[in-house]
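Subject: Handing over the two-chain model

Hi,

Here is the structure I promised to pass on to you. Please have a look at it first, and then read my notes below.

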Amino acid sequence: MASLKELKGRINSVKSTQKITKAKQMVAAAKLRKAQAAAEAARPYASRLTDVMASLAGKVSGDDAPKLLAGTGSDQRHLLVVVNTDKGLCGGLNSNIVKEARTRARELEAAGKDVTFYLVGKKGRAPIKRDFADKIGESYDTSDVRDPGYNEADDIAKALIAMYEDGKFDIAHLIYPQFKSALAQDPTTQQIVPVPTPENAADSEACVEYEPDEEEILEALLPRYVKTQLFTALLEIAASEQGASMTAMDNATRNAGELIDKLTIQYNRSRQAAITTELIEIIAGAEAL
Amino acid sequence: MALHFELVTPAKLVRSEDVHMVVVPGGEGEFGVLEGHAPVMSTIRDGALTVYKTENGTPEEIQIRGGFAEVGDNGLTVLAEHVES
């Protein structure tokens, strides 16, 4: 049985942990609202861009389509762009993303393809390195910016497109969590390079004028589309991080509360036991006289 | 007689309103868009988007950078990378 002093020390230590988790939970709740609003505000742009893509991609096809749309003609080398958070304390979010990435990589390897990783965010590096130490190509650090935004997406997209033009990979997939709610963030995989042709490419309004022309617009549009996808992923991860963090910290705070209650009962019992023993000793001593 | 005008950036939907005319700095020269304009898809260069709320009103300028302008059945949509406000 632990001594009274030890118990008291443990209670205090759990209490201070609870203070930290509670503070983190409240910070996450406040940030979540902001991140969620940002993610929602970005949706119109992404959906409009997809619409424009859909109407253009149907028109430019065949041999003169840009490489970013048509692909390299091979599907041997795959690049997995995995977006993780930079900070911990967000429950199972990062391990879920890594799990998804690992499953994808195993599937592709089983099909005889080459897989490399491009990692965004700090927390994915260690677990992926453990399994695929020689497969990690480059990584992008977002830890020194407060809110990763369009500029970061721009940098990542440029790096990816440069790698693609150098012929370092044939197909790129983006793995990121989709923010559903504070309780659920689903890791999703999406092909970003070559840009997937939207399904509703069939177009009715045939008499659209293009300035300068379809090919040139498409050429300017495709990198922007990749960039927008990355931007969406960055916003989704920000919202997911805060959501997951809020839930995880809520659980931790509750858990700490339970632990404190349990320890307090134990503390009170041992104190009572000590008092009783002392009393018995005194009474026994008095009777012996 | 109103043109539905939308200005969208990656960060947010900046404008969504009915206006009289918008002059867009297209990649191959400026063009004005009124209601009932034929469908056009154009790149834009960095410059000022001029919005005329009413026919004789004073124009309002919005500086935009990089993107596309699309005129369709549902009006003018400008997708810009940056908007300076």
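This is a predicted model: local features need pLDDT of at least 70, side-chain atom pairs count only at pLDDT 80 or more; totals for chains, interfaces and linings use all residues.

Residues are numbered from 1 along each chain as its sequence is written, while chains are lettered from A and ligands numbered from 1 in the order in which they are written.

Chain A

Chain A has seven helices and six strands; helices (H or I, at least four residues) and strands (E, at least two) are DSSP runs, numbered from the N terminus. Their order from the N terminus is α-α-α-β-α-β-α-β-α-β-β-β-α. The radius of gyration of chain A, taken over C-alpha atoms, is 28 Å, well over the 19 Å from the globule rule (2.2 Å times the number of residues to the power 0.38) for 289 residues, so chain A is more spread out than a compact globule. Its C-alpha trace spans about 115 × 40 × 30 Å along the principal axes.

An open sheet of five strands in chain A has the order E3-E2-E1-E4-E5, with mixed pairing; two strands pair if DSSP finds at least two bridges between them. Strand E3 (136-140) and strand E5 (185-193) of chain A are the edge strands, each pairing on one side only. From one strand to the next the twist averages 25 degrees, with axes fitted to C-alpha atoms (for helices over the stretch in contact) and angles running from 0 to 180 degrees between N-to-C directions. Strand E1 (residues 77-83) and strand E4 (residues 171-179) of chain A pair in the parallel sense over five bridges, and Val81(A) stands opposite Leu174(A) in E4(A). Helix H4 (residues 93-110) of chain A packs on the sheet, where H4 touches E1, strand E2 (114-120), E4 and E5 of chain A. The direction of H4 makes about 150 degrees with that of E4(A).

Chain B

Which secondary structure does chain B have? Chain B comes to zero helices and eight strands. With 85 residues, a compact globule would have a radius of gyration near 12 Å, and the 11 Å of chain B agrees with this. The C-alpha atoms of chain B fill a box of roughly 30 × 25 × 25 Å along the principal axes.

Where the chains meet

The contact takes 20 residues from chain A and 19 residues from chain B; two residues are in contact if their C-beta atoms, placed from the backbone, lie within 7 Å. On the side of chain B that touches chain A, strand E5 (40-44), strand E7 (60-72) and strand E8 (75-84) of chain B are the elements that give two or more residues. E5(B) gives the most to that side, with four residues. E5(B) also runs parallel to strand E6 (residues 209-211) of chain A, joined by three bridges. There, Glu209(A) stands opposite Val40(B).

Best wishes
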